[in-house]
Amino acid sequence: MSGHRRTWFVVLPDTEAAAAVAAVWGTADRRALHHPSGRPWILGHWPDDQPVTAQAGAVALAVFGTSDTDTHHLRRHAAHVRDPYDAHTLAADLAGSFHLIATVHGTVTARGTLSGLRRLHLADVDGVPVLSDRADTLAAAAGLTPSTERLALRLAHPLPHPADTLPLWPGITPVPPHHTAEIAPGRPARTRAHWHPPAPERPRPDAATALRHALHRAVAARTRDGGLVAADLSGGLDSTPLCFLAADGPADLLTVTIGSLDPHHDDAAWADRAARHLPGRRLVLPAEELPAMFAGIDAPAPQGDEPFTWTRTRARDEAVARLLATHGARLRISGEGGDEILQALPAYLRTLLPRHPATAARHLRGHRARLRWPLPAALAALTDPRPYPAWLAHAADRLTHPAPPPTTQLLGWGTEPRLPPWATAHTADLVRDQLTTLDDTAPLAPLAPLAPRHVQHQALHMLRHSASAMRQLIDATAHFGVPYTAPYLDDQVLDACLAADPATRGTPFAYKPLLTQALAPDLPADLLRRTGKGDFTPDTHQGLARHRPQLAALTEDSALARAGLIDPDALRRACLGLYPPHTPYAALDATLACEHWLRAHPHP
């Protein structure tokens, strides 16, 4: 893939007013596709090999991203499209990760991916409804100002649904990932759900077959164009299978293993074992030769349309991207999303209990032994009847309380959000107010869980957090020209996993059994016997200690403090002294990300 700039696009309706609005984005260094009428349809900046397009009469289709389609296939589909939503039946047949955009007799429809990795936003620009994959692109065109209140939300961790979809600019509406957006002449923009979570009832053998098929197609969509493809080889059970699938394609393979400072970290040994079976070249990057965690944390960095979640690893991510570019890699395959989709959190016991009480009891004993749950607490959490809005209201009231025990979180709707100890009382008020008025601020994502079953909701929520972080990483490293790609975040892979009986994904007696059964024909048996993964917490500890002066410097003239959102002295103490117990490092990540974002987007 060529191009070393962030990509973006906007989608316009087929009207004279929209044609006039197109001038907002100028003509220099931007590309354009047109409606069959000749009016501007899609404007933006994208690589030379994007998108795949086709036209048949009054129908035109565009696929932005990674897929296994081509112009001939797309044109044949376009020739049979009669209705604006007919165009999107194509999406179910394509592997990969992409936006699908159609214009059919003047009506425009568009969709992204279920994970939210490829998302859409909607806003009015001079009275014209416009879609875009980037909120900041719309904000600049519409003259919108970012909201301090919305930024305060980002200090809470983990941010619950649907607050996690709210753009930082009021006036921009997020399109839910499972919806298709429609803009047509003479009527308001609207969305329609095109997907609902599958019933999680497929037996493991059938689910494993579906997952194997989906992963083979997902990786093949990345390697089909040949060239040199880099793939993370951490030694974990997520990335390792992707390397083997990539090795079967027409591309040359370059595996990448990143070391840890922890002498007891066993990822490297498993990666070495896998590498002996793989063709191609290999890069082994010792942790000592890469930027440490939090390196460069006090330096300004380009900011996208939301705070960059993985701030502590940014310097390392950029260093690896730069190195891969010198080797000529055209993309980098990541195992991101595997943890979230290949295993079910113990909330599956709620589904299992009424159908198979004896099995549920045995699984509960297994989880209790592994996680040291007291039986009364486990039973209380397992039988908690609160619907999602009541759970969220309760969580909003407890933003500054100590974190609840893991039992409550793993067996319910998920992890309750908490504010870090350096957040101000003003921040708590702002966040609480917004969490209790989400129905008003997110009209296209009503206050309901992502799925009726707790276990499916948790999986989707975690997956969308993972996809959000990956999207930001792709944005942050775009200028190196080696984009990340994450097959586990593809729609077909997500569908295959969510349709599996969660008791086969979430059993306490095996590690990711759905994946190991699915890819048993593709990997050496000994590589599928791993029962855990490495932990990079020691690297985080050392990076925090090494870069304390830089972290403290951020607090000296903090934009968040000037906005009244944090107590800089409390944050400084956390960075320079003993890090607050029971406060996850993710809370510090969120704060640092918001600090950098606010510095890059100052506003009154």
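**Close-up views of a predicted model**

**View 1. E182 pairs with R187 in a salt bridge, with 2.5 Å between the closest N and O atoms.** A salt bridge here is a side-chain nitrogen of Lys or Arg within 4 Å of a carboxyl oxygen of Asp or Glu. E182 is buried at 2% relative accessible area; R187 is partly exposed at 37%. Buried means under 20% relative accessible area, exposed over 50%, partly exposed in between (1.4 Å probe, protein chains only). This is a predicted model: local features need pLDDT of at least 70, side-chain atom pairs count only at pLDDT 80 or more, and totals for chains, interfaces and linings use all residues. Residues are numbered from 1 along each chain as its sequence is written, and side-chain values use heavy atoms, leaving out hydrogens and water.

**View 2. D589 and R312 form a salt bridge at 2.6 Å, N to O.** D589 sits in helix α25 (residues 585-600) and R312 in the loop between β15 (281-285) and α8 (314-327), so the pair ties together parts 277 residues apart in sequence. Helices (H or I, at least four residues) and strands (E, at least two) are DSSP runs, numbered from the N terminus. D589 is buried at 5%, and R312 is buried at 17%.

**View 3. R398 meets E416 in a salt bridge of 3.9 Å, N to O.** R398 is partly exposed at 24% relative accessibility. E416 is buried at 4%. The whole structure holds 33 salt bridges.

**View 4. C497 is buried at 0% relative accessibility.** Its sulfur lies 18 Å from the closest cysteine sulfur, in C243, too far for a bond. A disulfide requires a pair of cysteine sulfur atoms within 2.5 Å; the whole structure has 0 disulfides.
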